Amino acid sequence: MKHILITGGAGFIGSHVVRLFVRKYPDYRIVNFDKLTYAGNLENLSDVEQCPNYCFVKGDICDSEQVEAVMRQHAIDGIIHLAAESHVDRSITDPLAFARTNVLGTLTLLQTARTVWGGDWEGRRFYHISTDEVYGALPLDGGCFTETTRYDPHSPYSASKASGDHFVRAFHDTYGLPTIVTNCSNNYGPCQFPEKLIPLFINNIRHNRPLPVYGRGENVRDWLYVEDHARAIDTIFHRGCIGETYNIGGGNERSNLALVHELIRTTDRLLGRPEGASERLITHVADRPGHDLRYAIDASKLRRELGWQPEVTFGEGLERTVRWYLANGAWLDHVTSGAYECYYERMYGHRA
Ligand code: NAD
Ligand code: TYD
C-alpha cells in the first residue's frame, strides 16, 4: 500500500498523472494537494473524483502547517511534486509569484517531508518534476540537453524552477532525503490552460481570432504528448534511482511557425473549413523578452536505463489534442470566462 501526495494534481500535467495513478493502482491512496490557482481546475478530474483511492485536499505548498497536516493525516510515503506557476509570459510580469511557489513552495515541501519522515527514508520518495528550460537555449543548428548540461536559465520561470531543482538536490546531498528530479520538454494535450501556445491557438482558430506568433516564429520546441509524460513519471517514480536526474522528451522538434501551420491544417479540417482558411489569422507580434531560441532533449538515459519511450507520434497527438478541444468547447469557455471556479463550489459546497 502506497500513500502518494501529488501536488498540483488539478493542473494540466498533474491531472493526467492523478488519473493514471488512480486507475492503475487501486491499492494506493492518491491525495491531490492543490491550491486551485487560475490553472487548477477540478473539472479535469471529474471522471475519477468518486474513486475510493482518490481524495482532494485544497492547500498551498508554501504553508508548512497545511503540508504537514496532509502528510500526517494520510501517512504519506511518496511525493510527486508538480505544483508550480508554469507560464513564462506570466513570470515576466509577476516574477515574485514564481519565486514564492516554485522556490519557497518547493523548499517548504522538502523541509516538511524531512520533518515528517524524521530521517527514516525507507520506502520514502520525493519526486520533483521540472523543465528542460533550466538548461537555457540551444543554437538552431544542433545539440541536445543531457542530464549534465550546465544550468543557464533565462526567464524568471526557468530561474525559479532551476532554484527549486537545486534545493531538491541539496536536500538529497545534505540530509539524504530520497529525491529524484526529472526535466521534461514542452507538453501538449487535453486540459492545458489556453494561455500556452497550442490550446491558445486552437481556441483562437475556433473563434476566428488572431494567432499571435512571437517574433519571426523561428523558435524551436521539442513536443511531448502529456500522457507519455505521465507514463514516464509512473516509470521513474517506481523504478528510478534515488539521487538521479532523468531528462524526458518527445524527440519532436518543430519551429513555432511550422507547428502553427500544422495546427491550422488539422483544426480547419476538423472544423470542416477549407484547407488553410485560418492561415490569414497568423499575426506576427513583438518577440517575448529573453525568448529562448531552441530546446531539444536527449532522453537516451531514460530509454536505456528504464526502457521508457514515447508511444504517441506527434501527428497522432496533435490530432487527439485538437479533437479534444473542439469536442470540449464548454471546458475552453469555462476556463477562459472563469466559470470553472464555481465547479469547486458545486462539488465541495463552498468557494475555493
Ligand atoms: P499548470 O499551471 O497547468 O498547473 C499547476 C498546478 O499547480 C495548478 O493546478 C495550480 O492550482 C497548482 N498550484 C500552483 N501554485 C500552487 C501552490 N502554491 N500550492 C499548491 N498548488 C499550487 O502546470 P503544468 O503545465 O501542469 O506543469 C506541472 C509541472 O510540470 C510544473 O512543475 C512545471 O514546471 C512542469 N513542467 C511543465 C511542462 C509543460 O510543458 N507544461 C514541461 C515540463 C515541466
Ligand atoms: P509556451 O506554450 O508559452 O511554452 P514555453 O514558453 O514554456 O516554451 O510557448 C511555446 C512557444 O510558442 C514559445 O517559443 C513561445 C511561443 N508563443 C507564441 O509565439 N505566441 C504565443 O501566444 C504563445 C503563448 C507562445
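Cys-241 is partly exposed, with a relative accessibility of 43%. Here, buried stands for under 20% relative accessible area, exposed for over 50%, and partly exposed for anything in between, using a 1.4 Å probe and counting protein chains only. Another cysteine, Cys-144, is also partly exposed, at 40%. Before going further, keep in mind that this is a predicted model, where local features need pLDDT of at least 70 and side-chain atom pairs count only at pLDDT 80 or more, while totals for chains, interfaces and linings use all residues. Residues are numbered from 1 along each chain as its sequence is written, chains are lettered from A and ligands numbered from 1 in the order in which they are written, and side-chain values use heavy atoms, with hydrogens and water left out.

Let us stay with the cysteines for a moment. A disulfide is a pair of cysteine sulfur atoms within 2.5 Å. Searching the whole structure turns up 0 disulfides. For Cys-144, the nearest cysteine sulfur belongs to Cys-184 and is 14 Å away.

Now look at ligand 1. It has 28 residues around it, and those that come nearest are Ile-13, Asp-34, Ser-86, Tyr-157 and Lys-161. A residue counts as near when one of its heavy atoms lies within 4 Å of the molecule or strand in question. By class, this shell has 12 nonpolar, 12 polar and 4 charged residues. In this scheme Ala, Val, Leu, Ile, Met, Phe, Trp, Tyr, Cys and Pro are nonpolar, Asp, Glu, Lys and Arg are charged, and the others, Gly among them, are polar.

The backbone takes part as well. Oxygen atoms of ligand 1 lie 3.0 Å from a backbone N or O atom of Gly-11, 3.4 Å from a polar backbone atom of Leu-36 and 2.8 Å from one of Asn-187. The protein covers 97% of the 830 Å² of accessible area that ligand 1 has on its own, an area found by the Shrake-Rupley method with a 1.4 Å probe. Two or more residues of the shell come from each of helix H1 (12-24), strand S5 (125-131) and helix H5 (156-175). S5 gives the most, with 3 residues. Helices (H or I, at least four residues) and strands (E, at least two) are DSSP runs numbered from the N terminus.

Ligand 2 is next. Of the 17 residues around ligand 2, Glu-133, Pro-212, Arg-221, Arg-288 and His-291 come nearest. Its shell divides into 7 nonpolar, 5 polar and 5 charged residues. A nitrogen atom of ligand 2 is 2.7 Å from a polar backbone atom of Pro-212, and an oxygen atom is 2.9 Å from a backbone N or O atom of Tyr-214. Of the 510 Å² of accessible area that ligand 2 has on its own, the protein covers 96%. H6 and S8 each supply at least two residues of this shell.

Most residues other than glycine have a negative phi. Asn-208, however, has a positive phi near 55 degrees, and Asn-208 is partly exposed at 39%. Ala-75 also has a positive phi, of about 45 degrees. You can find Ala-75 in the loop between helix H2 (64-73) and strand S4 (78-81), where Ala-75 is partly exposed, with a relative accessible area of 46%.

Conventions
A polar contact is a pair of N or O atoms within 3.5 Å; within protein, one must be able to donate a hydrogen and the other to accept it, and residues adjacent in sequence count only if both atoms are side-chain atoms.
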